[in-house]
Each structure stands twice: as C-alpha cells, then as structure tokens.
Amino acid sequence: MDIEEEIDDENLFITFPPIVQKAIEEVFPSKDPLDEPDFNSIDYINSLFPTEQSLSNIDEVVFKVENKISSIDNEISTVVRSQITASEEGRQALEEAQKVIKQLFAHITDIKEQAEKSEEMVREITRDIKQLDSAKRNLTLAITTLNHLHMLVGGVDTLKSLTQRRLYGEIVLPLQAISEVMTHFENYSNIPQIKSLSDQVKSIHFELAEQITHDFKEAFSGSNTKTAIPNKQLAQACLVLSILDPKVKKELLKWFVNVQLQEYSHLFQETEDTAWLDKIDKRYSWIKKHLLEFEDRLGNMFPQNWEVSERIAVQFCHDTREALSKIMVKRKNEIDVKLLLYAIQKTSAFEGLLARRFTGITLNENSDASKDNGDDNKHNDYGKIEDINSSAFHGLIGRCFIPHLEIYIESVDRNLADLIERFVLDQKQSKPTEATETQASILPSCPDLFVFYKKSMIQCNQLDNGQTMLNLTKTFQKYLHEYAEKLLLSNLPKIEPQSLGTSVQNFTKDLQKISTSGLIQNFSSLLKEGELTRFSKEEQTKICYILTTAEYCLETTQQLQDKLKEKIVPSMADQVDLTKEQDNFHKVISNCIQLLVQDLENSCEPALTAMSKVQWQNVDTVGDQSSYITSITTHLKTNVPIIRENLSHSRKYFTQFCIKFANSFIPKFIQSIYKCKPINTEGAEQLLLDTHMLKTVLLNLPSIASQINRTAPAAYVKVVTKGMTRAEMILKVVMTPIEPAKNFVEQYKKLLPDSQLTEFHKVLEMKSVKRQDQTVLSDIFKSNK
C-alpha cells in the first residue's frame, strides 16, 4: 500500500552542504536509509509496509522505531556531556601551556644576559692579546730590517772588493743575497741612507755587466773566435749574469751568437757559388758541423738553461731565410720546380732535425726580436706555418719559399694538362674497370686523376697550407671541369635525328589495305618496318659506365672538398668550394639518363605510331593484347635489363631512369590514344585492355626480365599508376554513351576531374561527335565548372 497523505517535512530535516555530507559519510559510513541525505519518509514507510497484509506487524515496527529513537537520544546526551567535559579540560591545558611559556621566556632572557657578560669578558681578554701580537710583529720586523740593513752595508763593501778582483765565483752568492735584500727596502727608498745603499748596489750591477761583457769580447774577438779556450772565470761570470738584469744576458748572447755565425755569413754571401739553391745542403752541413764543435769546445762554459746551441741554430735559421729570400728575388728566373722542390726537401729535413734536437724554448725570444725588426715569425701573407706542423722549427727557414710556390702550381697545372691529354688519347683503347661487389665499372682514368690530386695535395700541404693550397684548389677545379667535358660529355654517343614519318611511311600505307579481321594479326610485320636507328648494346653500356664514372667523380669531389677544407688554414676554408664541379658531374649524369630514356622511347615509337594508324572504328571483337603492346614489351625486356645490370651499383640513378621514362612515355602514349579516331565501342574496349596490359608491364619495369622479383620503388609506382589510370579513364569516357549529354559530361568530370576543354574536344573527336553537337556539349562542360 502507498501512503498518499502529504507530510510536511520542512522543519524535520537538517540539510548539510555537499562537502560536509561527504566528510560525514567518510567518517561514519552507513547503509541505513535514515542516514541518507535525500531521505523520504513516505518512501521509507512504503518500504516497511509494501502490502496491506504487512500492516499486521505495525506494532512490532513501532516498537523497534521507538527503541531506536530512545537509543539515539541516549547517544546524543552522552556526546553533549562529553563535550562539556572536554571544553573544561581544554581550558585547563591552555592555562598550563601559558604558564610553561612564561617560565621558558624567563629562562631564555637569563641565558642571553649571561652570554653578553661572557662576550664582554672575552673581548677584554683578546684586546690584550691583540696588543701583544702587534708588538711582537713590530719587534720581529724591526729585528729583520736591522739584520737586512747590516747584511746590505757589509755586502756592498764585499761586492766592491770582489768585483775589482774579478772573483766572479765568490760574487754569486753575496750578489744574489743583496738583490733579495734590496727588495725589502723598496718601500724605504725615500730614506737618504737607504737610497745611498741602493745606488751603490745599482752601480755594482752596472760595473759587473760592463766588466763581464768586456771579458767575453776580449776572449772571443778577432783571432780568438775559433781558438778561445773556455776558462772557469768566464763560466762563473755566466752565473753572475744570470742574477743581473736579463737585458745584459740577452745582449751578450746576441753578440756571441753573431760572432759564431760570422764565418757562415762570409762563406755563403750572395756572390759565392755556394749561396744558390742547388748548394743549399752545404749550408746545413756547415751548421751541423759548427754546432758539434761548439758543444764539444764551449758547451760546458754556459749554463744549460741558456740553450746557447739552440740560440745559434735559431739565428742561423733567421739569417738563412733572409739570405735565401734576397737571392731568390734577384735570381727568380733561374728557379725551376725541380730546384725549388729540392731546396724545400732539404730544408724540411733540416728543420725536422732541429725539432728532434732542440726544444724550441728560445723561439719566443727570437720571435719578439724579429717582430721588432719587422719580420713576423708566426704569420705571413701565405698562411700560418704552425698550422702545417706542430713542430716549432717547421717553416723557420721554409717560409721563404712560399712566395715562389706559384712555380710549383704552374708545374702541377702542366702535369694535369698532359694527364688529361693522355686520358683523351687513351680513351678509345682503354676499357672500363671490372665491376666489384662494392664498386661499379668506371673509366680507369678517373681513379688515376684523383690519385694525382691526392699526391699533389699532400705535397702542397708540406709546402704551404695557405694561399698556395688555395691556388692548388683552383687548379683542381679547372681540370675537374675539363675531365667532365673532354672525358665524359664528349664521349657520350649521339642520337642521330631522324624523321619518324619517313621511317613508317611505307607500312602506314599498307595499313589501309588490311582487312578488319586481319588487323591485329598483321601488327608484327608492320612494326619491323618502322623501327628507328638506335644505340647498340655496347653504346648503352658505354653510357652507363660514363654515368657511374660521373657518380664516382661526384662523390670523390665532395670528399676532396672536405679534405681541402681540413688542410687549408681556417681563414681560407670558406673559399674552398667545388660546388660548380659537382654540378658538372650532376649534368653528366642527367645527360646519360636522358640519352637512355630517349633511346628507349625511340624503340617504342614505331609501335605507338602503328597504334594510332589502326582503323579502330572497324574493330568488331575484343581479343588478346595487340601486337604493338607485345612489341613495346619486347623492347622493354631487351633494353631495361642491360641498363639495370650496368647500374646495379647505382640503384638511385636506375630509379631516376625509370621515373623519367615513365614521365616521358606515358604522356606520349596518351597522345597516341587521342589519335585513335574515330573509334567504336569494341575498339575502345580493345584499347582499354591494351592499356591495362601496358600498365602491368610498366609497374614491373624496374625488375622486368629479372629472376629476382624486387618491389618497384614507391615514387615510380606512383608516377605509373597516376599516368596509366588517366589513360584508362579516357577510354572509359570514350565508351560512355553520348546521350543524354548532361550525364555524359558529368561522367567525364567524374572520371577526369582535372581535364581541360581541349582534352574534352579530343575525346569528342574520338567518338566522332558532330561539330554542332560538340558545341552543345562544350557549353554544358563550361557551365559545370
């Protein structure tokens, strides 16, 4: 039974917000209907008493509800009393916490006061310690200064006495000590007594420098240059010089090195026969012998860290470079490439010997001196010598040859010209290299050319990697262009122009005499009469290996450019650009592919011409594929395998050949279809069959007549599918009834959506539509755009 009376529940329920209600359900999960937020009393009572018979239990239900109400009242009372107790306990806890916080604050304040007292006590203690430390430092400094002053006063007198007696061995230690002491008195130079002592020390230094320089010049001047015997006094004097101003040692060494090279300057002056490049090895023999004698006789006299032998060798290099530069300018016409390379070879070997013998530590000093004289060791107008070789001595003499290296470039140019000429002469007799697993068959002259390039680049890198390397690059560019023109493009077979009309004139006349029933069967004999003059198998093979040679040159030219950029000085790397030469080889490859495509098209041309001459309006039955399709297939099976085999290592260019052929042949085939007019329905069906068979052949063209069935490239398949599908659509339009005209035009638009009005007229001509009807159809075509 249902309770129908309305009960006003407005004031009986408490409604909580959704968030609160959700929290209550999480804390006190319950399935009791009375706890539900959308509780409905009527629905609840109806659920307790669903039928009239269930009212018999009403007393029992009422009793249970009253018990539940009593139980809930008790729970509410208990909760209310507990909340009163909890409130009182919370108040007591808060008061207790406040009391503890006050005690803690008082304790912290007490600790802070004690810390401040301790800090003040420590400050007073450290103040006294700092005063004691300062007094100690001042006392120590005073004692040290007095000791230094005592040493200085006594040392000055001692040095004066030792200097007068030339007792250099006993001077070293006092002089070094006094020099160190003087550094302590730099801040006291305004005190007259200190300034006086400082002036006396400087005077002693100057006197020692003059005295030792005079002793050396007296020992090694005039006739004593080669006969001077090292003595202990001069060896000790060298130790004194190491303490004095470095300029004194530098000037003495400069003088001494020049003395050692006086004989060299005399023996190899410009007027002497030994001064020319053909005797350059005698210069190096002289210095090697002189250094051995010097080290044996005087080597122990100088401190090892003075590197006197190296200084002599470095100065020899500078003098030799200047002398060779002057004499080569004066006798420039006498220099040939053989003499120049001989001199460079001997010089490079000598510089390598110096690099192994010496460390090069003195080169910085010599470099600075050369810069002062206007000669920069590190740089010149032809590049950086140091970039060629990590050795410090490399190019020290050899850079004088760089301005004359145009002779070397001219020699390379002549050799390359002779090489290209020999390649041209040998072209007819030479055969291409045998193909390997990794390399296609190419002209043998190609690797020979790049081997010569490699040797020339290595040799030039040893001479100069600056302007000379850039000039060599330009020479390389010149003969890469000549190789592409004279050895590749000039040797491509030529297709002789021939009029197709003349070649098929005879058999097209015969077509008119053939009966309709014998039309298809007589294609074979007609096609043979219309074939053009084409490339032989040998000529096709020649085109292919010229293509693979151009590909080899293209790849190797890129590697050559990268290597040249790596070798040349970084500042000139951007000027190395072989892009034009690579474009030339791209042009050769493109020409080869075009010749192969044109040749294959020529082989198919008679078949297309025969196809357009057939009386298609007289065809009454549809049979197997026509003979002209068989002829095209035969030509493809004959020619494509030859090209594929010769381009087996150049798959991308074989694919390009296939794509170019398809792009060229399919439009010609479509134009031939347009020429098949007039045509009846059976003729159109036969043409559609032939077109489908040709499409199948073309899709398999990359692997035609091959035992290995390889999937055709996707790009090629796309070209063939698009072109041949269009041909099929044209024939399907031709087969479409002309009436009603509107439906015909709609079908045309559907099958050939991108067609133009001129193509629409061609289709109408194939269907032999009258001029008047063509005008009507054209108007409908235009209106449907």
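View A. Helices here are DSSP runs of H or I with at least four residues, numbered from the N terminus.

**View B. The buried face of α28.** Helix α28 covers residues 757–766, and its buried residues are E759, F760, V763, L764 and M766 (buried means under 20% relative accessible area, 1.4 Å probe, protein chains only). Seen down the axis, they fall within an arc of 155°, so they line one face of the helix; the arc is taken over directions from the helix axis to the C-beta atoms. These residues pack against α24 (651–675), α26, α27 (741–751) and α29 (771–783), with contact meaning heavy atoms within 4.5 Å.

**View C. S703 in its loop.** S703 sits in the loop between α25 (681–699) and α26 (714–735). Because its relative accessibility is 6%, S703 counts as buried. Leaving out residues up to four places away in sequence, S703 touches R644, I708, N709 and R710.

**View D. Lysine over phenylalanine.** K749 lies over the face of F781, at 4.0 Å from the ring centre (the cut-offs: NZ of Lys or CZ of Arg within 6 Å of the ring centre and within 35 degrees of the ring normal).

**View E. Arginine over tryptophan.** The charged end of R331 sits over the ring of W276, 4.1 Å from its centre.

**About the model.** Residues are numbered from 1 along each chain as its sequence is written, and side-chain values use heavy atoms, without hydrogens or water. Since the model is predicted, local features need pLDDT of at least 70 and side-chain atom pairs count only at pLDDT 80 or more, while totals for chains, interfaces and linings use all residues.

Key
Helix = DSSP H or I, 4+ residues; strand = E, 2+ residues; numbered from the N terminus. Buried < 20%, exposed > 50% of the residue type's maximum accessible area, 1.4 Å probe, protein only.
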